[in-house]
Amino acid sequence: MKVLVPVKRVVDYNVKVRVKSDQSAVDIANVKMSMNPFDEIAIEEATRLKEKGVATEVIAVSCGVTQSQETLRTAMAIGADRATLVQTDVELQPLAVAKLLKALVDKEQPELVILGKQAIDDDANQTGQMLAALLDWPQATFASKVEVADGKVAVTREVDGGFETLSLKLPAIITTDLRLNEPRYVTLPNIMKAKKKTLEVVTPEDLGVDVAPRLKTLKVAEPPARSAGIIVPDVAALVDKLKNEAKVV
Ligand code: AMP
């Protein structure tokens, strides 16, 4: 069973992003970039499926600028066997990514695609769902446990007040939640090994996909600064302020 894992290069989660002065976007010049954390979990899960003998091959895919090759090398250091970069400088929106992934699924014929539940830069939470729709495959989002057996995959998801387990017929789409696993530490020998693995580069034109943006960002703004807190002398003063100033009780 082949497993395809899309991985996105995003601003590292430790970076405090700043909005550009013209409010057109977030400034990513000279900022540390890393693999989207949910995609690391997806690669880890696919690698574990391979180690268990369930998956035969894990293919990492990234769509974006040429530097996304670094992200794909990290995916291969975690355990992907090979990688494909769909290279473009165009700003890719979820529908464009889903169309590119559909073209790669048609080519590679995986039985499972494991994506992150969301990319932490745009927080879209759309690509997996759109890919499932384009392929007309079953999907289970926000997976916290994955078990493959007998041509089916059982996916446990956290829902309000408990867990829900779905059974999907393969081929299927899964998106990962934070609690699915803890990705392994990438070791130097594995980074060295990853350099020798195959990384294919294609373009959206090669795949016959139009990636022109369909949405326009009107404005990006910082959240309003929080005003300083005050120390109240006693509980009565606190209740008074909650009642008469904040008007929350
Ligand atoms: P989003 O819908 O943008 O929140 O992204 C959800 C998931 O789709 C991510 O966690 C990735 O697995 C995948 N994805 C989104 N954008 C890309 C991209 N440019 N390249 C590869 N995978 C992507």
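Helices (H or I, at least four residues) and strands (E, at least two) are DSSP runs, numbered from the N terminus. By that count the protein has seven helices and eleven strands. This is a predicted model, in which local features need pLDDT of at least 70 and side-chain atom pairs count only at pLDDT 80 or more, while totals for chains, interfaces and linings use all residues. Residues are numbered from 1 along each chain as its sequence is written, and side-chain values use heavy atoms, with hydrogens and water left out.

Start with the whole. Along the principal axes, the C-alpha atoms fill a box of roughly 65 × 45 × 40 Å. Of the 249 residues, 40% count as buried. Buried means under 20% relative accessible area, exposed over 50%, and partly exposed in between (1.4 Å probe, protein chains only). Contact means heavy atoms within 4.5 Å. Among contacts between residues at least 6 apart in sequence, 70% join residues at least 24 apart.

Now the sheet. Nine strands form an open sheet with mixed pairing, in the order β9-β8-β7-β10-β6-β1-β4-β5-β11. Two strands pair if DSSP finds at least two bridges between them. The edges belong to β9 (162-169) and β11 (199-202); each has a single partner strand, so one side of each is left without a neighbour in the sheet. From one strand to the next, the twist averages 30 degrees.

Look at β10 next. Strand β10 (residues 172-176) pairs with β6 (residues 112-116) in the parallel sense, over five bridges. Here L112 stands opposite A172. β10 also pairs with β7 in the parallel sense, over three bridges. There A140 stands opposite I174. In a regular strand the side chains alternate between the two faces of the sheet. Both faces of β10 are covered: A172, I174 and T176 are buried on one side, I173 and T175 on the other. Five of the five residues of β10 are buried, so this strand is largely enclosed by the rest of the structure.

Axes are lines fitted to C-alpha atoms, for helices over the stretch in contact, and angles run from 0 to 180 degrees between N-to-C directions. Helix α4 (residues 127-135) lies across β6, β7 (139-149) and β10, running at about 175 degrees to β10.

Two helices also meet each other. Two packed helices are described by the angle between their axes and the distance between the axes. The axes of α2 (residues 68-78) and α5 (residues 188-195) come within 8 Å and cross at roughly 120 degrees. That makes α2 oblique to α5. Angles under 35 degrees count as roughly parallel, over 145 as roughly antiparallel, 65 to 115 as roughly perpendicular and the rest as oblique. On the α2 side, R73, M76 and A77 make the contact; on the α5 side, N190, I191, A194 and K195 do. These residues divide into four nonpolar, one polar and two charged. Ala, Val, Leu, Ile, Met, Phe, Trp, Tyr, Cys and Pro count as nonpolar, Asp, Glu, Lys and Arg as charged, and the others, Gly among them, as polar.

N36 sits in the loop between β3 (33-35) and α1 (37-51). N36 counts as buried because its relative accessibility is 1%. Leaving aside neighbours within four places in sequence, N36 is in contact with K8, V10, Q118, A119 and I120.
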